[in-house]
Amino acid sequence: MTRELTLVTGGTGTTGSRVVQRLTARGEQVRVASRHSACALDWEQPGTWEPALAGVSRLYLAYAPDLAVPGAPETLAAFTRCAATAGVQRVVLLSGRGEPGAQAAERAVRAVADAAGVDLTVLRCSWFVQNFTEGQFAPAVQAGELALPVGDVAEPFLDADDVADAAVVALLDDGHAGRTYELTGPRALDFAEAVRECAAALGRPVTFRPVSTAGFRAALASDGVPDDVLDLLTHLFTEVLDGRNSRPTDGVQQVLGRPPADLADAVRRSAAAGCWA
Ligand SMILES: NC(=O)c1ccc[n+]([C@@H]2O[C@H](COP(=O)([O-])OP(=O)(O)OC[C@H]3O[C@@H](n4cnc5c(N)ncnc54)[C@H](OP(=O)(O)O)[C@@H]3O)[C@@H](O)[C@H]2O)c1
């Protein structure tokens with residue numbers, strides 16, 4: 001029997017690397033794709049898409065930097081068309097919760113998938129716990145102070161391990177086609193509370209300092225962060241973090257039949273694995 005091949009885009013990133021790890025552990029055939037992977041795929045270089053999709057029947061679609069950036073719906077629609085032509089039958093799309101731009105990208109992918117008879121499952125996720133432990137906020141947490149342009153808005157931070165578990169189920173098991181799952185952690189915490197949990201896991205003080213958007217942009221700009229990334233972060237902090245996503249959902253329970261991991265447990269696990277070492 002020929003084993004099916006799964007293409008994992010963003011395959012070296014926060015969720016993609018976890019999806020790869022799980023599929024590989026289950027004996028699945030996996031192709032890891034990103035700009036710096038052996039299978040070089042670049043969203044900005046359509047010529048790289050067809051070789052990456054050759055022989056693939058299942059696709060984990062994680063777009064970077066974010067589904068909400070200008071042009072993402074068009075790029076993702078074009079890539080999904082290319083995937084359908086290559087013979088992909090099932091797509092799991094990683095998306096962001098409560099983001100109009102991300103939802104536009106979802107609609108663009110869904111229109112192409114539906115027209116081509118490709119199964120699509122959308123994982124619409126809240127903020128990842130791993131932003132604190134291995135993503136863009138990790139160095140600041142490790143240094144002892146995280147300064148962000150956000151007040152006491154609560155967010156049900158989601159463990160990327162739960163995202164990957166859900167993605168693998170949706171990729172391998174039947175019954176998830178056409179579904180959109182809103183995945184969140186079990187409780188909403190504001191950023192100061194989340195940082196307190198990180199400090200507890202780290203075993204030393206870490207402070208959270210709310211700053212103005214202008215001050216945040218100026219600090220990042222002086223660190224050399226490019227304008228388009230500044231625009232994306234400003235959009236996420238000022239427009240998306242307004243409380244619309246504070247309510248936890250039962251999405252993880254629906255897909256996995258178990259509750260999601262709590263931020264406190266996830267950061268303790270990450271600290272024990274040496275995330276801030
Ligand atoms: N962070 C959150 O809290 C959060 C919450 C909800 C949804 N999301 C969504 O998650 C997605 C990002 O996924 P992630 O967090 O798993 O990944 P990530 O940790 O942000 O890593 C990005 C991945 O994409 C690759 N990549 C970057 N630019 C690329 C390009 N131009 N072409 C092809 N590949 C590229 C990177 O590898 P190379 O550098 O080798 O290309 C890497 O594998 C975004 O769409 C975001 O909206 C994030």
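Which of the 26 residues around the ligand come nearest? In this predicted model, the nearest are T12, T14, T15, S34 and Y63. The shell around the ligand divides into ten nonpolar, 13 polar and three charged residues, and both α1 (14-25) and β5 (90-96) supply at least two residues to the shell. Of the 920 Å² of accessible area that the ligand has on its own, the protein covers 82%.

The count of salt bridges comes to 20. In one of them, the side chains of E106 and R124 meet with an N to O distance of 2.6 Å. This pair links distant parts of the chain, with E106 in helix α4 (residues 100-116) and R124 in strand β6 (residues 119-125), 18 residues apart. E106 counts as buried at 5% relative accessibility, and R124 likewise counts as buried at 17%.

R187 takes part in salt bridges with E197 (3.2 Å, N to O) and with D262, where the closest N and O atoms are 2.7 Å apart. The latter pair joins the loop between β9 and β10, which holds R187, to the loop between α11 (251-256) and α12 (263-272), which holds D262, across 75 residues. D262 is buried at 15% relative accessibility, whereas R187 is partly exposed at 34%. A further network, joined by salt bridges that share partners, comprises R18, R22, E134, D159, D161, D162, D165, R258 and R269.

Note on methods. Residues numbered from 1 in each chain as written. Predicted model: local features only at pLDDT ≥ 70, side-chain atom pairs only at ≥ 80, totals over all residues. Heavy atoms only, no water. Near = heavy atom within 4 Å. Areas by Shrake-Rupley, 256 points an atom, 1.4 Å probe, with all protein chains shown as cover. Helix = DSSP H or I, 4+ residues; strand = E, 2+ residues; numbered from the N terminus. Nonpolar A, V, L, I, M, F, W, Y, C, P; charged D, E, K, R; others polar. Salt bridge = Lys/Arg side-chain N within 4 Å of Asp/Glu carboxyl O. Buried < 20%, exposed > 50% of the residue type's maximum accessible area, 1.4 Å probe, protein only.
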